[in-house]
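The following note concerns the pairing of charged side chains. Please read the points alongside the sequence and the model.

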Amino acid sequence: QVQLVESGGGLVQAGGSLRLSCAASGSIFKINHMGWYRQAPGKQRELVAVDTSGGHINYAESVKGRFTISRDNAKNTVYLQMNSLEPEDTATYFCHAYLQTAWYSGLRDYWGQGTQVTVSS
């Protein structure tokens, strides 16, 4: 069984910063991608940032230059540093991992429970 546990959400004023963390635990053989998605009320879940096993990083256009994703492979943890936050960044942020639980198993998607980020104007 695999668990993704997020932390670091909260309420912040526009222009402020927050740092999200997500630790993966359980039966993990190899993690391929780790990243962050977000979902605002009434909207579809969207990619925020992803860090692949090859070190390739992708950001949503709306967060480029403001958000930074990083990963600690030894701790199976991914971080999202969010600076210059805007009210439009208000959403529930979900951690995602694409991983194998054993050498013989295929890659599967796993999600955290979500952490709320609210940016006031």
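1. A salt bridge is a side-chain nitrogen of Lys or Arg within 4 Å of a carboxyl oxygen of Asp or Glu. The model is predicted: local features need pLDDT of at least 70, side-chain atom pairs count only at pLDDT 80 or more, and totals for chains, interfaces and linings use all residues. Residues are numbered from 1 along each chain as its sequence is written, and side-chain values use heavy atoms, with hydrogens and water left out.

2. Six salt bridges are present in the structure. One of them joins R66 to E86, at 3.8 Å from N to O. R66 lies in the loop between β6 (57-59) and β7, and E86 in the loop between β8 (77-82) and β9 (91-100), so this pair ties together parts that are 20 residues apart in sequence. Strands are DSSP runs of E, at least two residues long, numbered from the N terminus.

3. R66 is buried, with a relative accessible area of 11%, whereas E86 is partly exposed at 33%. Here buried means under 20% relative accessible area and exposed over 50%, with partly exposed in between (1.4 Å probe, protein chains only).

4. E46 and R38 form another salt bridge, with their closest N and O atoms 2.7 Å apart. R38 is buried at 6% relative accessible area, while E46 is partly exposed at 36%. A network of salt bridges links R38, E46, R66, E86 and D89.

5. D51 and R71 also meet through their side chains in a salt bridge (3.9 Å, N to O). Because D51 lies in strand β5 (residues 46-51) and R71 in strand β7 (residues 67-72), the pair ties together parts 20 residues apart in sequence. Both D51 and R71 are buried.

Definitions and conventions
Helices (H or I, at least four residues) and strands (E, at least two) are DSSP runs, numbered from the N terminus.
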